[in-house]
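Have a look at the structure first, then read on.

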Amino acid sequence: GDKWTYSGPDGEHHWPNHYPYCGTAFQSPIDIKSELLRFDPTLRPIEIQNYNLSVNEQLTLGNNGHSVQISLPSKMHISSLPHRYTAAQLHFHWGSSSRPAGSEHMVNSKQCAAEMHVVHFNSDKYPNISSAVDKSDGLAVLGVLIEIGEFNPAFEHFLKFINGIKYRDQKVQLPGFNIRALLPARLDEYYRYDGSLTTPPCYPSVLWTVFRNHVTISRKQFMTLATSIYSTHAQESAPVSLNGNYRKPQLADSRVVLVSFKE
Ligand SMILES: NS(=O)(=O)c1c(F)c(F)c(S(=O)(=O)CCO)c(N[C@H]2CCCc3ccccc32)c1F
Ligand SMILES: [Zn+2]
């Protein structure tokens, strides 16, 4: 069972006790520092297919105790990588009302307010994400850094339902919307490196793409995300707020971070 948390006795420093990969090299997230960067002219713009979902498409918004996640239909995929990577779900990492810095990746040690991950699996080689999750070419995750600023109408498509998933394992149905609108304008500027899941079991199976440009949400939208969710079940007597659900940056080891852009 997934008895791991982001703080306390089951916090990230203890993850390797039950999940050995969490203590190995090439983990994620990382602090993307200038000295690690290498421009790679072969890095093509990210091309995504079928991200513009119609309202007739039903999605599931869920609280899995670690994050807020949206299930995604398998017609959504990335078409610009060597294999087709089919979308599985997207989820978020965020800070707290008192410390509104909760992104996982950092850029030159700057931590943003939150981060969105769109998780895809290699559907050319594996029938489903469960069989792909521990394979070195199994997953591709798109990372979007989120800053507090302008109101973001695209986030309202799911934030307006968040009070239906206040407690762990609660789910609500969500009308489809344009998932592309959650991404930054430019999909041609990004950081690229080989890493891992940022939660247990921490498999080193992720091709990371972190977009250079962030998106913004308003302070009110951030507070909705950071204060509406509990990591505990509804029937538990002592509710525990779910916030600060980000892993600290891991050692870069000898890794180079490729960039698709010049300054
Ligand atoms: N940051 S991260 O590494 O991208 C990342 C998370 F942070 C995260 F919380 C999740 S989770 O919400 O599933 C809760 C813990 O697994 C995932 N799930 C992935 C990988 C695990 C298996 C699986 C199966 C179906 C759909 C998605 C996933 C995750 F990939
Ligand atoms: Zn994540």
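Five elements, namely β7, β10, α2 (129-132), β11 (139-148) and β14 (206-211), each put at least two residues into the lining of the largest pocket. Helices here are DSSP runs of H or I with at least four residues and strands are E runs of at least two, numbered from the N terminus. This is a predicted model, where local features need pLDDT of at least 70, side-chain atom pairs count only at pLDDT 80 or more, and totals for chains, interfaces and linings use all residues. Residues are numbered from 1 along each chain as its sequence is written, chains are lettered from A and ligands numbered from 1 in the order in which they are written, and side-chain values use heavy atoms, with hydrogens and water left out.

**The largest pocket**

- A pocket comes from a 1 Å grid over the protein atoms alone: it is an open set of points where a 1.4 Å probe fits, with protein on both sides within 12 Å along at least five of seven lines, and lining residues have an atom within 4 Å of a point.
- The largest pocket has a volume of about 560 Å³, where volume means the space filled by probe spheres set on the points, joined across faces, edges and corners.
- Its lining has 27 residues, with Gln 89, His 91, Leu 197, Thr 199 and Pro 200 nearest the centre.
- β7 gives the most to this lining, at 4 residues.
- By class, the lining of the largest pocket splits into 14 nonpolar, 12 polar and 1 charged; nonpolar covers Ala, Val, Leu, Ile, Met, Phe, Trp, Tyr, Cys and Pro, charged covers Asp, Glu, Lys and Arg, and the others, Gly among them, are polar.

**Ligand 1 and its shell**

- Two elements give two or more residues to the shell around ligand 1: β7 (85-94) and β10 (114-122).
- β7 is again the top contributor, with 3 residues in the shell.
- Ligand 1 is surrounded by 14 residues, the closest being Asn 64, His 93, Leu 197, Thr 198 and Thr 199; a residue counts as near if one of its heavy atoms lies within 4 Å.
- The shell around ligand 1 has 5 nonpolar, 8 polar and 1 charged residues.

**Polar contacts to ligand 1**

- A polar contact is a pair of N or O atoms within 3.5 Å.
- Thr 198 has a polar side-chain atom 2.7 Å from a nitrogen atom of ligand 1.
- An N or O atom in the side chain of His 93 sits 3.4 Å from a nitrogen atom of ligand 1.
- For Gln 69, a polar side-chain atom is 3.4 Å from an oxygen atom of ligand 1.
- On its own, ligand 1 has 560 Å² of accessible area (Shrake-Rupley, 1.4 Å probe), and the protein covers 82% of that.

**Second largest pocket**

- The second largest pocket comes in at about 340 Å³.
- It has 16 lining residues, and Thr 5, Tyr 6, Ser 7, Ser 231 and Val 240 lie nearest its centre.

- The Pro 200 to Pro 201 peptide bond is cis, with omega near 10°, and Pro 201 lies in the loop between β13 (190-195) and β14.

Conventions
A polar contact is a pair of N or O atoms within 3.5 Å; within protein, one must be able to donate a hydrogen and the other to accept it, and residues adjacent in sequence count only if both atoms are side-chain atoms.
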